[in-house]
Amino acid sequence: MEKRGVPAQVSKEYCQVKKYVESIREHVEAGVGLILKGPVGTMKTSLAVAVLQHYIQVGGYGLFVPMASLLDNIFTLKERNKEEWLRYEDRIRSTGILVLDDLGAEYHQEWVLSKVDAIISERYNRMKPIIITTNLSAKELKGKYAERVYDRLKSTSKVINFAGSSLRESA
Ligand SMILES: Nc1ncnc2c1ncn2[C@@H]1O[C@H](COP(=O)(O)OP(=O)(O)OP(=O)(O)O)[C@@H](O)[C@H]1O
Ligand SMILES: [Mg+2]
């Protein structure tokens with residue numbers, strides 16, 4: 001993971017992520033993931049993708065799931081091809097690293113929330129790491145999901161807090 005071009009604003013957070021990446025195999029083996037949380041446009045997704053890319057480069061497996069499209073994926077795959085959907089669900093549960101991008105942005109419906117709950121619990125039980133990016137605070141996450149969901153994530157992840165204003169250029 002190269003530092004070239006990382007804005008000064010996120011250099012502290014970058015260093016924390018880099019430290020995690022330096023022992024990526026050990027972390028994955030131990031089921032240790034990351035919670036990247038903070039305001040919009042502070043490179044949380046970019047860094048989560050960089051971690052996943054690095055892990056794949058060293059021979060690992062992983063899956064990137066944008067939370068906002070989880071519902072879509074469930075519906076379209078289920079309709080189109082049940083077997084394909086079951087394979088997708090299985091990968092979500094068992095892949096080396098699972099990135100859940102923008103946790104909290106998915107559709108707020110009871111069965112979607114319990115799906116998220118099930119994914120997180122199953123990976124926790126199998127000691128498989130999750131990398132979360134989110135704009136929500138710990139309190140908001142606890143309010144949205146069953147309290148044990150955040151508890152599990154927190155007990156198996158390094159929490160990195162992003163701060164500052166959005167790096168996204170306004171058009
Ligand atoms: N290496 C970089 N140098 C400068 N700017 C960058 C770099 N990488 C990403 N950015 C800028 O930062 C913006 C935000 O990045 P990213 O989408 O990863 O943020 P985020 O924290 O995931 O935001 P959100 O909370 O909205 O999902 C990008 O749109 C891009 O403009
Ligand atoms: Mg993002």
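I began with the surface of this predicted model, and noted that the accessible surface of the protein chain comes to about 9400 Å², with 50% of that area belonging to carbon and sulfur atoms. I then looked up burial and found that 43% of the 171 residues of the protein chain count as buried.

Next I turned to the fold. I counted 8 helices and 5 strands in the protein chain, and reading along the sequence I wrote down the pattern α-α-β-α-β-α-α-β-α-β-α-α-β. The radius of gyration is 16 Å, close to the 16 Å that the globule rule gives for 171 residues, so I recorded the protein chain as being as compact as a globular protein of that length. For the extent of the C-alpha trace along its principal axes I noted about 45 × 35 × 35 Å. Among contacts between residues at least 6 apart in sequence, I found that 80% join residues at least 24 apart.

On charge, I noted 26 positive and 21 negative charges in the protein chain, whose mean positions lie 4 Å apart.

Last, I looked at one helix in detail. In α8, which covers residues 147–155, I found Val149, Tyr150 and Leu153 buried. These three cover an arc of only 90 degrees around the axis, which puts them on the same side of α8. I recalled that an α-helix has 3.6 residues a turn, so residues three or four places apart point the same way. On the face of α8 turned away from its buried side I found the exposed residues Glu147 and Ser155. The buried residues of α8 pack against several elements, among them the strands β1 (33–37), β4 (130–134) and β5 (157–161), and also the helices α6 (110–125) and α7 (138–144).

Methods
Residues are numbered from 1 along each chain as its sequence is written. Chains are lettered from A and ligands numbered from 1 in the order in which they are written. This is a predicted model: local features need pLDDT of at least 70, side-chain atom pairs count only at pLDDT 80 or more; totals for chains, interfaces and linings use all residues. Side-chain values use heavy atoms; hydrogens and water are left out. Helices (H or I, at least four residues) and strands (E, at least two) are DSSP runs, numbered from the N terminus. The radius of gyration is taken over C-alpha atoms; the globule rule is 2.2 Å times the number of residues to the power 0.38. Buried means under 20% relative accessible area, exposed over 50%, partly exposed in between (1.4 Å probe, protein chains only). Contact means heavy atoms within 4.5 Å. Accessible areas come from the Shrake-Rupley method with a 1.4 Å probe; for residues, only the protein chains shown count as cover. Lys and Arg count as positive and Asp and Glu as negative; His and the chain ends are not counted. The place of a charge is taken as NZ of Lys, CZ of Arg, CG of Asp or CD of Glu. The arc is that of the directions from the helix axis to the C-beta atoms.
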